[in-house]
Amino acid sequence: MAVSPAVIKAAITLATDKRTWILIGSIICGTVLMIVGIVAAFLNIFSF
């Protein structure tokens, strides 16, 4: 299975683009904060 050079060039361009990494970081941070918020809410409910 041969990968065309255009696909490789596009992948390298995306991997080196700062906006791509900002997007990935934002998604990860949003997911982590959502999980932490849910856990904190449960701990708050059970602390009474």
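**Aromatic pair and exposed surface in a predicted model**

In this predicted model, phenylalanine 42 and phenylalanine 46 both belong to helix α2 (residues 18-46), where they sit 4 residues apart, about one turn of the helix.

Me: How are the planes of the rings of phenylalanine 42 and phenylalanine 46 arranged: stacked or edge-to-face?
Reply: A pair of aromatic rings is described by the distance of the centres and the angle of the planes. The structure holds 1 aromatic pair. Its rings, those of phenylalanine 42 and phenylalanine 46, have centres 6.3 Å apart and planes at 10 degrees, so the pair is stacked.

Me: Which class of accessibility does phenylalanine 42 fall in, buried or exposed or partly exposed?
Reply: Buried means under 20% relative accessible area and exposed means over 50%, with partly exposed in between. Phenylalanine 46, at 66%, is exposed. Phenylalanine 42 has 47% relative accessibility, so it counts as partly exposed.

Me: What percentage of the residues in the chain is buried?
Reply: The chain exposes about 4,500 Å², with carbon and sulfur atoms supplying 81% of it. On the surface, Trp21, Ile24, Ile28, Val32 and Val36 form a nonpolar patch with about 480 Å² of accessible area together. Of the 48 residues in the chain, the buried share is 0%.

Me: How far apart are the end C-alpha atoms of residues 21-46?
Reply: UniProt, in an unreviewed entry, lists residues 21-46 as "transmembrane region". The chain has 2 helices and 0 strands. The span of residues 21-46 is 100% helix, and its end C-alpha atoms lie apart by 38 Å.

Terms used
Residues are numbered from 1 along each chain as its sequence is written. This is a predicted model: local features need pLDDT of at least 70, side-chain atom pairs count only at pLDDT 80 or more; totals for chains, interfaces and linings use all residues. Side-chain values use heavy atoms; hydrogens and water are left out. Rings of Phe, Tyr and Trp (its six-membered ring) pair if their centres lie within 6.5 Å; planes under 30 degrees apart count as stacked, over 60 as edge-to-face and the rest as tilted. Buried means under 20% relative accessible area, exposed over 50%, partly exposed in between (1.4 Å probe, protein chains only). Patches are made of residues with over 30% relative accessible area and no salt bridge: like charges are joined within 9 Å, nonpolar side chains (Val, Leu, Ile, Met, Phe, Trp, Tyr) within 5 Å. Accessible areas come from the Shrake-Rupley method with a 1.4 Å probe; for residues, only the protein chains shown count as cover. A salt bridge is a side-chain nitrogen of Lys or Arg within 4 Å of a carboxyl oxygen of Asp or Glu. UniProt positions are given in the numbering used here, feature names are shortened, and annotations may be inferred rather than shown by experiment.
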